[in-house]
Amino acid sequence: MNIAINIQNLNYAYGKYVVLKDVSFCVKRGDFFIIIGPNGSGKSTLMRLISGIIRSKTGQLDLFGMPMQGYNRKALARTIAFVPQMVMVEFPFTVSEVVLMGRSPHQGILGIEKREDLEIAKQAIAFTGLEHLSHRKLTQLSGGELQRVYIAKAICQEPRIMLLDEPTASLDIAHQIRVMDLMETLKEERGVTIVMVSHDVNLAAMYGQNLLLLKEGQIVSSGFPGKVLTYETLEHAYDCTLLVDDSPLGRFPRVTLVSQRVLNLPGRSKSI
Amino acid sequence: MNTRAPFVLKRIFVVSFLLLILLGVGMFLGLSMGSSGSGMSPVLESLFGARGPDSALMDTIIWKIRFPRVLLSALVGATLSLGGLVFQALLRNPLAEPYILGISGGSAIGAITGILLGFSRFPGVAAAAFAGSIFTLFLILVMSSGQSIIKRDSLLLSGVMVNAFCSAIIMFLVSLTRDSRLHNIIFWLMGDLSSGDMHQVGILAATVLPCFCLIFFFSSPMNLLLMGKETAQTTGVNIKAVTLILLVVTSFAVSATVSQCGLVGFVGLVMPHLLRLLFGPDHRVLVPACVLGGGAYMVFCDLLARVLPEQGEIPAGVITAMIGAPLFVFLLKRSGR
């Protein structure tokens with residue numbers, strides 16, 4: 001079995017408002033899979049479906065060859081970890097307390113942690129570079145630090161699939177690269193399948209092995225970055241002018257946003 | 001990361017032990033002080049079987065009058081503190097509390113209706129109180145439904161409105177009453193701990209103690225719920241079931257105390273905050289801490305209520321509100337940024 005996620009003919013609607021129409025795709029085991037698309041294209045809904053937060057009545061969703069319905073809650077939490085978009089927490093948990101909570105799908109009802117759990121949490125904290133913050137309260141952290149705490153908690157779940165909903169959205173560029181590198185390492189060292197929603201097409205081009213481009217709940221294109229990130233498909237999906245060329249780093253495309261103002265400048269238009 | 005964390009169990013025991021001592025001291029003082037003479041020696045003599053000259057009378061006062069009352073205070077304090085803790089976790093709002101949200105008010109309406117209809121205190125009045133609390137709970141959840149429930153303002157505003165409405169209905173019901181029950185109802189409304197005999201205290205204990213145990217088993221899911229609904233759900237928590245069970249169990253325990261001793265406000269706000277400040281936000285520690293610490297707090301408040309005035313006594317609810325309301329404003333101001 002080399003397929004981590006197998007989705008066939010998946011539909012979803014909030015009331016009458018259809019967000020996903022007949023979506024089918026596969027994610028290979030150990031893939032770095034990035035879902036892109038304009039706002040409202042159904043990316044987050046797809047994410048919530050894969051994580052089991054919401055369930056679809058139609059279509060098929062298999063994880064490692066077993067239908068989603070076959071997993072109980074704790075088993076699902078041991079298979080998939082979900083890192084949501086930034087959640088503000090008003091209760092003063094420490095970083096290590098939060099990371100340890102990731103062990104709860106492996107524990108009994110009271111969540112009494114064993115030595116092993118502590119060891120795993122310690123590794124997750126080290127992996128995400130949070131050692132110096134482990135006793136800090138959540139309420140005292142910056143956005144980038146908070147994001148890494150949630151990632152460390154998810155790693156602590158020891159999942160086979162890691163889902164991230166726009167993990168770089170509110171981070172500065174250094175933290176964006178840091179989070180993406182962390183995921184790359186997680187994939188390489190532990191073989192975790194990474195599935196991520198992103199708005200940043202250039203990060204997607206650089207890190208993604210396979211991309212999925214959604215528009216209005218349907219798949220526009222999917223495959224390796226060079227196939228999906230072409231100027232035609234992107235302009236069709238996002239409905240704006242873009243420039244796509246090869247990245248100076250090589251082997252993947254680079255997308256440049258083009259302002260209407262720049263297009264209309266008399267001397268510049270021909271050079272583009 | 002140090003080796004402190006593995007011993008959550010040890011932490012629970014240490015914290016519980018400390019608060020148990022506090023509760024013990026409070027109960028001992030509660031037994032020794034009162035309008036008919038204070039002093040520790042009669043209690044000690046009574047406890048250890050030593051006989052003084054007029055010990056029979058003192059024995060009666062201590063064990064038939066003061067002891068049920070002290071136990072009742074402890075149970076009420078424990079229930080209300082735990083109620084505050086659970087509501088704060090479920091609504092992810094550190095300012096939530098059964099009294100502020102109007103849940104207590106709702107069960108008071110039920111209880112008064114029950115009293116006016118001439119129900120027996122148990123199970124009639126208690127059941128009416130429970131119905132009232134579930135109804136207000138439902139009302140608040142509908143009013144602040146959807147995403148906005150996370151927002152403190154919409155939730156608190158809904159609660160304030162429900163509470164105001166409940167007060168109006170309570171006043172209306174009281175104004176309908178033309179007989180001697182009136183004084184009792186008003187006194188009871190302000191939080192009255194003097195009513196208990198051993199039998200009633202026993203019923204209350206049998207009602208709320210299983211609730212405490214049940215809530216303790218949900219302390220780990222409560223921790224996860226504070227990290228957000230989606231995080232809790234993807235970490236293996238059945239949030240719908242957990243939320244429903246906790247809301248109903250808590251409302252049940254709170255309405256049991258309301259039907260016994262009326263509206264005691266702000267305990268559920270003060271104690272969880274204080275204990276969280278002292279012992280951190282882990283619910284596995286906080287649930288037992290709220291039971292023991294909340295009980296101790298209420299025993300001390302009741303002691304003040306009995307000892308402060310020259311004659312008679314103040315309702316305990318007055319003391320808790322006098323301490324709690326300013327603290328609420330302080331917390332609101334500090335966390336409001």
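Which residue in E2(A) does Leu10(A) stand opposite? In this predicted model, the residue opposite Leu10(A) is Val23(A) in E2(A).

**View 1. Pairing of strands E1 and E2 in chain A.** Strand E1 of chain A covers residues 3-14 and pairs with E2(A) in the antiparallel sense. There are 8 bridges between E1(A) and E2(A). Leu10(A) can be located here by its position opposite Val23(A) of E2(A).

**View 2. The open sheet of chain A.** The sheet is built from 4 strands, and its pairing is antiparallel. The strand order in chain A is E2-E1-E4-E5. Strand E2 (17-28) and strand E5 (66-67) of chain A are the edge strands, each with pairing on one side only.

**View 3. Helices H1 and H13 of chain B.** Helix H13 of chain B spans residues 283-307, and its axis comes within 9 Å of the axis of H1(B). The two axes cross at roughly 10°. Angles under 35 degrees count as roughly parallel, and H1(B) and H13(B) are therefore roughly parallel to each other. Where H1(B) meets H13(B), the contact has 17 nonpolar, 5 polar and 3 charged residues.

**View 4. The contact between chain A and chain B.** Chain A gives 36 residues to this contact and chain B gives 24 residues. On the side of chain B that touches chain A, the elements giving two or more residues are helix H1 (8-32), helix H9 (219-225) and helix H10 (229-234) of chain B. That side of chain B has 11 nonpolar, 10 polar and 3 charged residues.

Technical notes: Residues numbered from 1 in each chain as written. Chains lettered and ligands numbered in written order. Predicted model: local features only at pLDDT ≥ 70, side-chain atom pairs only at ≥ 80, totals over all residues. Contact = placed C-beta atoms within 7 Å. Nonpolar A, V, L, I, M, F, W, Y, C, P; charged D, E, K, R; others polar. Axes fitted to C-alpha atoms, helices over the stretch in contact; angles between N-to-C directions. Parallel < 35°, antiparallel > 145°, perpendicular 65-115°, else oblique. Pairing = 2+ DSSP bridges.
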